[in-house]
Amino acid sequence: LAQGVGAGLGIIGITSPTFVISRVHKAVVPFIHVDAYRLVDSENPNLYLDDLDLDIAGSITLIEWGGAESARLSEDRLEIDIDRTHDERVVTIKAIGSRWDGVQL
């Protein structure tokens, strides 16, 4: 998913930020890729997300394993769930916020 978003922005070489937690890719619209998996089990995931000092205004930000902790970062967002419990992946996209009013997904 992150590689596809990056490709759409003309960015190549998108890799998982698992160990560095976040990467900023420069493009016409900056792309911030965050892997919050290691933060989920931490004592206070909200604090750690704040410590990343993400400048999400004016950028496209993809947060893997973000959950409720990352939902508070933006009132307007797309929540994407990829269910891999069966042979086929089922992708659900939920539009949140007024920015998406009237947008058909």
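**Figure 1. His 33 in strand S2.** His 33 sits in strand S2, which covers residues 31–35. Helices here are DSSP runs of H or I with at least four residues, strands are runs of E with at least two, and both are numbered from the N terminus. The model is predicted: local features need pLDDT of at least 70, side-chain atom pairs count only at pLDDT 80 or more, and totals for chains, interfaces and linings use all residues. Residues are numbered from 1 along each chain as its sequence is written, and side-chain values use heavy atoms, with hydrogens and water left out. With a relative accessible area of 2%, His 33 is buried. Buried means under 20% relative accessible area, exposed means over 50%, and partly exposed lies in between (1.4 Å probe, protein chains only). Neighbours within four places in sequence aside, His 33 is in contact with Ala 2, Ile 14, Thr 15, Ser 16, Pro 17, Ile 21, Ser 22, Arg 23, Leu 62 and Glu 64. Contact means heavy atoms within 4.5 Å. Gly 58 lies 25 residues from His 33 in sequence, with 14 Å between the two C-alpha atoms.

Figure 2. Ile 21 belongs to the loop between helix H1 (2–8) and strand S1 (22–25). Its relative accessibility is 14%, so Ile 21 counts as buried. Ile 21 is also one of the residues in contact with His 33. The phi of Ile 21 is near 75°, a positive value in a residue other than glycine. Most residues other than glycine have a negative phi.

**Figure 3. Asp 53 in the loop between H3 and S3.** This loop joins helix H3 (45–51) to strand S3 (60–64), and Asp 53 lies in it. Asp 53 is not a glycine, yet it has a positive phi of about 50°. Is Asp 53 buried or exposed? The relative accessible area of Asp 53 is 67%, so it is exposed.

**Figure 4. Ser 70 in helix H4.** Helix H4 spans residues 67–71 and includes Ser 70. Ser 70 has 13% relative accessibility and therefore counts as buried. When neighbours within four places in sequence are left aside, Ser 70 is in contact with Leu 49 and Ile 63.

**Figure 5. Glu 75 and Asp 76 in the loop between H4 and S4.** Glu 75 is found in this loop, as is Asp 76, and strand S4 covers 77–83. Glu 75 is exposed, with a relative accessible area of 68%, whereas Asp 76 counts as partly exposed at 29% relative accessibility. Which residues does Glu 75 contact, leaving aside its neighbours within four places in sequence? Glu 75 is in contact with Ile 96 and Gly 97. Under the same exclusion of neighbours within four places, Asp 76 is in contact with Ile 96, Gly 97, Ser 98, Arg 99 and Trp 100. Asp 76 and Ile 96 are 20 residues apart in sequence, and their C-alpha atoms are 5.4 Å apart in space. For Glu 75 and Ile 56, which are 19 residues apart along the chain, the C-alpha separation is 12 Å.

**Figure 6. The salt bridge of Arg 77 and Glu 79.** The structure holds one salt bridge. The term covers a side-chain nitrogen of Lys or Arg within 4 Å of a carboxyl oxygen of Asp or Glu. The partners are the side chains of Glu 79 and Arg 77, with an N to O distance of 2.9 Å. Glu 79 counts as partly exposed, at 31% relative accessibility.

**Figure 7. The protein chain as the setting for the close-ups.** The protein chain has four helices and five strands. Read from the N terminus, the order of elements is α-β-β-α-α-β-α-β-β. The radius of gyration of the protein chain is 14 Å, close to the 13 Å that the globule rule gives for 105 residues, so the chain is as compact as a globular protein of that length. This radius is taken over C-alpha atoms, and the globule rule is 2.2 Å times the number of residues to the power 0.38. The C-alpha atoms fill a box of roughly 35 × 35 × 30 Å along the principal axes. Of the 105 residues, 22% count as buried. Among contacts between residues at least 6 apart in sequence, 33% join residues at least 24 apart.
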